[in-house]
Amino acid sequence: MIKHEELIIIGGGPAGLSAAKSALEADLNVLLIERYVRLGGQLIKQTHKFFGSKNQKAKMRGFNIATLLIDGLKDAPGHLTVLTEATVVGMYDERIVTVWHDATYKKYQADAIIVATGASEKFLAFENNDLPGIYGAGGVQTLMNLNGVLPGTDIIMVGSGNIGLIVAYQLMQAGARVTSVLEAAPRIGGYAVHASKLRRLGVSIKTRTTIKRAIGENKVEACEIVSLDDQWNIIEGTEETINTDAICIAVGLSPMHQLLSMAGAKTSYISELGGLVPCVDENNQTSIDGVFVSGDASGIEEASSAMVEGRFTGLIAAKKLGHVTKGFDKDINECRDQLFNLRRGPCGLKIREGIRKLREVNDHA
Amino acid sequence: MGMRIQNHPILEFTEKKPVRFFYEGKQMVGREGDTIASALHANGINVLSRSVKDNRPRGFYCAIGNCGSCQMRVDGVNNVRTCITELTPNMHIERQRGLADDQT
Amino acid sequence: MLKRTGVPDRSQIKDAFPDESYLIKPKAIIECFEAIPCNPCETSCPVGAITIGADINKIPVIDHAICTGCGQCVHNCPGLAVHIVSIKEDKALFRIPYEMPDVPKQGDIWDGIGRDGKTVCEATITAVTQKEGFDKTTILNVETDKTYLYDFITVRRP
């Protein structure tokens, strides 16, 4: 039996929650599907105060933002149903999805779907990279900040983007020791303020350095690091062995496009957006009518932009279903302004370039 | 190795109720709020599965249910993603070897 | 250099400080040298001493003549990039944000740490403040010899 829903939102992170809020405010009935036991996505493990401006809840800690977004769904006029511990395993024509929940497969058909599935952590090729004790940096953040368990005591962080720097700092806050942060590029990838916080704690950041191999039988015991030249080649003879019981990989994120690909939405590989992304129009609608995408699933960015995109997409989806809210034009413009502002600086260069390329692909189609 | 965080400047890990479970038949204790994977980690168990072809040890990687490297047999059910499944009292957790189907 | 090591250059640090004549009163030192989308320092300042503007990616500019050293920007900066500094006789007085589990007590003498993580001096903790509004960021008042005005950035248990 296929159950009919007005709007289905897949993913209860910053984008999905914000989309749910604006859709509910437009008096839509919403089914919000979340894989984990509770809502919040990756916000629930973010212990640092957020950047951005007041509109994106700057200076609040991430896990408090999650609570705020979840509580914000309570008073809206529309009807909300939340499924947690529910994984959408299939998406088909006619906006039909299959959900694995309560040890059964359930089928739903929706008038509109917002895919807010977020991202997955990228991996890195090196010898023995499958040893236990090698984790995604985000995985370690979950383990320590949600479950209160440390992965080890002497930790190597591979990658100096914001996730690498932030998780390294949070490991130190939790009582572990980060031996060093490795960065293959000549420059630190994340914000300088995050790097400076780590350096004060005595953590070294080694640029032009990468991991060559992990060492250990059933568990990481050490790793070999090596310097790189300006052509990214290993400089022989610079190998150094460091004892470590946990290696965190923070080399970027890939958008979770799989459900959209499965449903036949047009995608394009755009490295600036993190990999394969759905081709969307300026309303975040994919090539499938009534299927929208928002947040990291449409291109890797910060949680701040995911919240704004979510709000935007919720409003657009509601309009599509005939629910035009009172301040619609004003709200849409506000979202566009906020996104423009978050992306207009040097840190937004990559995302701006990615979006430009995406539009180009659309124009050629 | 894995261990509980004692003192944290931002988060409060108040002492939570112990939860008894069994790993390969051996009794262990986790805490309320643990996932299966975090409870095993806190008990020093890092090898959660074995690779199908070469039987190499596998731990968890992503902790959000994406990668599948933490799949175990839980209360007789194969391929449970232990990183996103909450620990409940008296759970029986076992390692799978090769393709899980071989054992059922 | 900052983007290679995470440590600002000496000249960047000096530029973040006003002329020492200003420091007879406490002033905020903002070590935010990179254009990132962020503006809580500007919006939290009660006297309008910090300017970023409509483009939140601009680097904050502080007018030390207006700054009262109230410290609102210290716990509101998500990057822990602001501290309050003043000079009293031969001592440098600091108010720093602190988010580590090992919190010192008033009267403790800890190591004064530089921006590269190395010990530079002795640091006397003169006050430890934890308030609801600080949202888990502890503010430490610290006193060092005036010589370390530009070198000191945080403390560590010796």
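**Notes on the chain A sheet and its partners**

1. Let's start with chain A, where five strands make an open sheet in the order β8-β16-β10-β11-β12, with parallel pairing. The sheet's edge strands are β8 (134–136) and β12 (204–207) of chain A, each pairing on one side only. Ignoring direction, neighbouring strands here are turned by 20° against each other on average. Helices (H or I, at least four residues) and strands (E, at least two) are DSSP runs numbered from the N terminus, and two strands pair if DSSP finds at least two bridges between them.

2. Some housekeeping: this is a predicted model, in which local features need pLDDT of at least 70 and side-chain atom pairs count only at pLDDT 80 or more, while totals for chains, interfaces and linings use all residues. Residues are numbered from 1 along each chain as its sequence is written, and chains are lettered from A and ligands numbered from 1 in the order in which they are written.

3. Inside the sheet, strands β10 (residues 154–158) and β16 (residues 246–249) of chain A run parallel and are joined by four bridges. If you want a pair to look at, A:Met157 has A:Cys248 in β16(A) as its bridge partner.

4. Two helices of chain A pack on this sheet. Helix α3 (residues 137–145) touches β8, β10 and β16 of chain A, and its direction makes about 90° with that of β8(A). Helix α4 (residues 162–173) touches β10, β11 (177–183) and β16 of chain A, at about 170° to the direction of β11(A). For these angles, axes are lines fitted to C-alpha atoms, for helices over the stretch in contact, and values run from 0 to 180 degrees between N-to-C directions. Two residues are in contact if their C-beta atoms, placed from the backbone, lie within 7 Å.

5. On to domains: the assignment for chain A gives domain 1 (2–120 + 253–364) and domain 2 (123–249), with bounds from an automatic or database domain assignment. Their C-alpha centres lie 31 Å apart. Five residues of domain 1 are in contact with seven residues of domain 2.

6. Chain B meets chain A through 34 residues of chain B and 31 residues of chain A. On the chain B side, β1 (3–4), α1 (36–42) and β5 (57–58) each give two or more residues, and the largest share, three residues, comes from α1(B). By class, that side has 16 nonpolar, 13 polar and five charged residues. Here Ala, Val, Leu, Ile, Met, Phe, Trp, Tyr, Cys and Pro count as nonpolar, Asp, Glu, Lys and Arg as charged, and the others, Gly among them, as polar.

7. A:Leu150 stands opposite B:Met3 in β1(B).

8. Chain C puts 35 residues in contact with 35 residues of chain A. Both α1 (2–5) and α3 (40–44) of chain C supply at least two residues of that side, with the largest share, four residues, coming from α1(C). The chain C side divides into 18 nonpolar, nine polar and eight charged residues.

9. One residue in chain B to look at: B:Thr82 lies in the loop between β7 (77–81) and β8 (91–94) of chain B. B:Thr82 counts as buried because 26 other C-beta atoms lie within 10 Å; the cut-offs are 20 or more for buried, 12 or fewer for exposed, and partly exposed in between, with C-beta atoms placed from the backbone. Beyond neighbours within four places in sequence, B:Thr82 is in contact with B:Thr35, B:Ile36, B:Ala37, B:Leu48, B:Cys70 and B:Met72.
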